[in-house]
Amino acid sequence: MAWRLENAYQDFKEASPGSEILSEDCFPMKLKAKQVYMLELIKEDGTVERKYFRTDQNSFEKMGYVKELVVD
């Protein structure tokens, strides 16, 4: 599952980057620049992992990828 977090870009703008970078193709929706998205990953053992990603203006529009964010 994936969600766009409404009006969250400014709130997450200073969040530390994680190590994961995904292409837009990994999301079930059309992505836009300067947005924050949450992916909910369900593992084989049934546990759920949430990951947050940000589409920065330059990296997204030029390269089409999103950067993971570290959220405490």
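**Close-up views of a predicted model**

View 1. Glutamate 40 is part of strand β3; strands (E, at least two residues) and helices (H or I, at least four) are DSSP runs, numbered from the N terminus. This is a predicted model, in which local features need pLDDT of at least 70 and side-chain atom pairs count only at pLDDT 80 or more, while totals for chains, interfaces and linings use all residues. Residues are numbered from 1 along each chain as its sequence is written, and side-chain values use heavy atoms, with hydrogens and water left out. At a relative accessible area of 18%, glutamate 40 is buried (buried is under 20%, exposed over 50%, partly exposed in between; 1.4 Å probe, protein chains only). Its bridge partner in β4 is arginine 50. The side chains of glutamate 40 and arginine 50 also make a polar contact, at 3.0 Å (a pair of N or O atoms within 3.5 Å; within protein, one must be able to donate a hydrogen and the other to accept it, and residues adjacent in sequence count only if both atoms are side-chain atoms).

**View 2. The sheet.** Five strands in the order β1-β3-β4-β5-β2 form an open sheet with antiparallel pairing; two strands pair if DSSP finds at least two bridges between them. At the edges are β1 and β2, each pairing on one side only. Strands β3 (residues 35–42) and β4 (residues 48–55) are joined by eight bridges.

**View 3. Leucine 39 and the nonpolar cores.** The largest nonpolar core has ten residues: Ala2, Leu22, Phe27, Leu31, Ala33, Tyr37, Leu39, Phe53, Phe60 and Val66. Such a core is a set of buried Ala, Val, Leu, Ile, Met, Phe, Trp, Tyr and Cys residues joined through side-chain atoms within 4.5 Å. Another core, of seven residues, lies apart from the largest one and includes Phe12, Val36, Met38 and Tyr52. Beyond its neighbours within four places in sequence, leucine 39 has contacts (heavy atoms within 4.5 Å) with residues including Met1, Glu49, Arg50 and Lys51.

**View 4. Lysine 13.** Lysine 13 sits in the loop between α1 (9–12) and β2 (17–23). With a relative accessible area of 40%, lysine 13 is partly exposed. Its C-alpha atom is 9.6 Å from that of glutamine 35, 22 residues apart along the chain.

**View 5. Confidence.** The protein chain has an average pLDDT of 91, and 100% of the residues score at least 70; pLDDT is the predictor's confidence in each residue, from 0 to 100. Helix α2 (residues 57–63) has the lowest confidence, a mean of 79, and strand β1 (residues 2–5) the highest, 95.
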